[in-house]
Each structure stands twice: as C-alpha cells, then as structure tokens.
Amino acid sequence: LYPAMYYNHNVHFLAAASAANGRYADSIKNARELEANVKPLLKAMPMLEMFNPYPLVSLTRFGKWDEILKEPKPDPSLKITTAFWHFARGSAYAASKQTANAEAELKALRAVDQTLGEARLFNNAAIDVLKVAEFSLEGKIAFSRGDKQAAFDLLNKAIVAEDGTSYAEPADWDLPGREVLGGALLASGDAAAAEKVFREEIRR
C-alpha cells in the first residue's frame, strides 16, 4: 500500500503543480499517468481512488470542454470518480450554454453525492469536498443563464465550502473557487473585483 500511495502522491504533485503554473500538457500527462497507475489497483485498494479523477480535474481547470465530453463514464462503483465526471460534464455544458444538459449533470452529481457515505479523499470526507462541486456547478449554470448575481452568490458559497475543507497537499479540491469567481467577474466586465479575487487566491 505505502509504495503505491507514496509514488502516486508524487505524480499527483506533478499534475497539480503543472496545473497551478498553467502548464496543461504537463498537467494532463501526469494526470493520465496517475490514472493509469491506480486503475488496476482500485478494487484491492479503494483509498487510491482519490487519485483517479485527476484527469477530469486537469481538463476542467483548463477549460477543455470538448475533451471532457469524450471522457467515458466511469464504473459506477467508483463513486468519487463518477461525481467528478458529472461535475466536469456539467461545467462543459454550462460553458457552452447548454443549460438543460448542465442541470441534468448537477442532478446526477447530487444523486451520487448522496451515496458517498464514509468515502474519503485524502484529508477530507468526499461529501465535504463534493459539496464544493455542487455549489460551483450551480453557480456556473446560473452564470450561463445570465443570472449573474445568483452566480456570484453561489460561487462565493463554493469558496466558503472550499475554505472549510481540511488542508491537504495537493488540495483535495484542486479547482480553486476563486479562479472560477474571478473568471466570472472578469467576463462580466468587473476587472477590479476580479483582480481582488485573483490576488486573494495567489495570497492563499
């Protein structure tokens, strides 16, 4: 168990650090390696599932919406991965203003989240981490509909939920809410507010 955890923890770091530095090619390369390393071991070592969704994290952070929609549906027994898959697909649909499809993915995400029980990522209960996903996706959908104030309110709730998770390195929720909120503010023409939010993320 420990060699499997330790080595893959290092690959996880490479994928996350590359994403934080805006290096998509390196991030997705390491995320795919991570996925390939742990997939054969998941039945014997379920705790390794914390690593499995990282390609979806990388694709979402870099806005690779077409690629996300080509990702195959995970084995339903992989509940954490399936939840991230619905979140990623919902994000892709919201970005392309396919609101009904995005809402369907949010509904599916919530349904999976209700079945997570005691499942954990690294330092957090999976349900606490995926509560961030629910607020974030709901905010993206509101923004897609043009309801900006509702979007900002929901994205701020996602940030509060994210800030409430226990520290992990890389973070168990590695799609910073302030990046999403800052992007929404910037797209709305409020560059000053966006800069404030982005600077707070950098400070953190």
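**Figure 1. Burial of helix α3 in the predicted model.** In helix α3, the buried residues are Tyr 54, Pro 55, Leu 56, Val 57, Ser 58, Leu 59, Thr 60 and Arg 61. Buried denotes a relative accessible area under 20%, exposed one over 50%, and partly exposed the range in between, with a 1.4 Å probe and protein chains only. The helix, spanning residues 54-61, is thus mostly covered, with eight of its eight residues buried. Gly 63 follows α3 and has a positive phi, near 65 degrees. Helices (H or I, at least four residues) and strands (E, at least two) are DSSP runs numbered from the N terminus. The structure is a predicted model, in which local features need pLDDT of at least 70 and side-chain atom pairs count only at pLDDT 80 or more, while totals for chains, interfaces and linings use all residues. Residues are numbered from 1 along each chain as its sequence is written, and side-chain values use heavy atoms, with hydrogens and water left out.

Figure 2. Ala 15 is placed in helix α1, residues 2-20, and His 12 is found in helix α1. Ala 15 is buried, its relative accessible area being 0%; His 12 counts as buried at 6% relative accessibility. Contact means heavy atoms within 4.5 Å. With neighbours within four places in sequence left aside, Ala 15 is in contact with Ser 27, Asn 30, Ala 31 and Tyr 54. His 12 touches Leu 34, Phe 51, Tyr 54 and Pro 170, residues up to four places away in sequence not being counted. A separation of 12 Å lies between the C-alpha atoms of Ala 15 and Leu 56, which are 41 residues apart along the chain.

Figure 3. Rings of Phe, Tyr and Trp (its six-membered ring) pair if their centres lie within 6.5 Å; planes under 30 degrees apart count as stacked, over 60 as edge-to-face and the rest as tilted. By this rule the count is three aromatic pairs. The ring centres of Phe 87 and Trp 173 are 5.2 Å apart and their planes stand at 75 degrees, so this pair is edge-to-face. Because Phe 87 lies in helix α5 and Trp 173 in the loop between α8 (148-163) and α9 (177-187), the pair ties together parts that are 86 residues apart in sequence. Phe 87 is buried at a relative accessible area of 2%, and Trp 173 is buried at 4%. Phe 84, Phe 87 and Trp 173 are linked into a cluster by ring pairs.

Figure 4. Arg 89 has its place in helix α5, residues 79-95. The residue Arg 89 is buried, with 13% relative accessible area. Apart from neighbours within four places in sequence, Arg 89 is in contact with Ile 68, Leu 69 and Glu 105.

**Figure 5. Setting of the close-up views within the protein chain.** The protein chain holds ten helices and zero strands. Buried residues account for 48% of its 204 residues. Of the contacts between residues at least 6 apart in sequence, 62% join residues at least 24 apart. Along its principal axes, the C-alpha trace of the protein chain spans about 50 × 35 × 30 Å.
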